[in-house]
Amino acid sequence: MKINDVILQTVTKIVVFIILTMAVYLFVSGHNSPGGGFIGGLVLASALVLLFLAFDTETIMNRIPLDFKMVAAVGAFIAVATGVVSLFFDVPFLSQAYSYFNLPVFGQTGLATVTIFELGVALAVVGVVVTIILSISEDV
Amino acid sequence: MIGELLIGLLVLFGAVVSALSAFGLVRLPDAYMRSHAATKSTTLGVLCILCGAFLYFMFSLEHVSAKLLLGIVFVFITAPVGGHLNGRAAHRTGVPLWKDSVRDDLSEAMRREQEKEKE
């Protein structure tokens, strides 16, 4: 019998945007309040898992043509690269810089290089979680 | 002052409705009625408690928490869908209705569909 998933799929289409917003918020706010790369990445991965549950794995993989093993590798590379870059400025490995800039829209904003490190962490977490979910969901 | 009263009433109402939902979960006879009790009244209870928390942050700490608003909208959208999926999975795996139930249109429709598919 044909399975009719209209309610789940429609609600997923709306809810995924709320979850992705929450993921970006958690990622950006990690410096001053609870959040950061790890849970931002986990929430983003949970949005992807919700998509995989509501729709087909193949449908989503056609729409998001990412190799999630590569995403994890790129994340790990970014995290290590931020550490290596600090060596060129005559400071120890993984030293971080923080200062204030006047941005056109946001006004005075504190920008830290930790954010790039956290981006690497988030990408690694997303890649690892989605790879695990996809590989245990496959029928062998 | 009126704000404090409102917050207290909201949180208390939410807690009482959630407790009623828990009683429904224990007392009702079959899976569908329990899902009915657990879904609707828990959603309302959680919404009331979150609204109370939101108003508390707004009045007492002068902090408008967008996270709580987002949580209210999120629970309001997703909790009923969770209840729907529970009930549907139960019906599809053949969980019986309460013994005094009168009619079950969905299982008849599914049976007709299966017969149509056989032909």
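How many residues of chain B are in contact with chain A? Before the answer, note that this is a predicted model. In it, 15 residues of chain B are in contact with 14 residues of chain A.

Next, the area. Chain B and chain A bury about 1300 Å² between them, and carbon and sulfur atoms give 78% of that. On the chain B side, B:Lys67, B:Leu70 and B:Phe74 supply 32% of the area buried against chain A, more than any other three residues.

The rule finds one salt bridge across it. The side chains of B:Arg88 and A:Asp5 meet in a salt bridge, at 2.8 Å from N to O.

Which elements of chain B supply at least two residues each to the side that touches chain A? They are α3 and α4, the latter being residues 105-118. Helix α3(B) gives the most, with eleven residues. By class, that side of chain B has seven nonpolar, three polar and five charged residues.

Helix α3(B), residues 66-92, also comes within 10 Å of helix α2(B), residues 31-60, axis to axis, and the axes cross at roughly 175°. The two helices are therefore roughly antiparallel to each other. Among the residues making the contact are B:Leu47, B:Leu50 and B:Phe54 of α2(B), and B:Ile72, B:Val75 and B:Phe76 of α3(B). The contact residues divide into 16 nonpolar, seven polar and no charged.

Conventions: Residues numbered from 1 in each chain as written. Chains lettered and ligands numbered in written order. Predicted model: local features only at pLDDT ≥ 70, side-chain atom pairs only at ≥ 80, totals over all residues. Heavy atoms only, no water. Axes fitted to C-alpha atoms, helices over the stretch in contact; angles between N-to-C directions. Helix = DSSP H or I, 4+ residues; strand = E, 2+ residues; numbered from the N terminus. Parallel < 35°, antiparallel > 145°, perpendicular 65-115°, else oblique. Contact = heavy atoms within 4.5 Å. Nonpolar A, V, L, I, M, F, W, Y, C, P; charged D, E, K, R; others polar. Buried area = accessible area lost by both parts, 1.4 Å probe. Salt bridge = Lys/Arg side-chain N within 4 Å of Asp/Glu carboxyl O.
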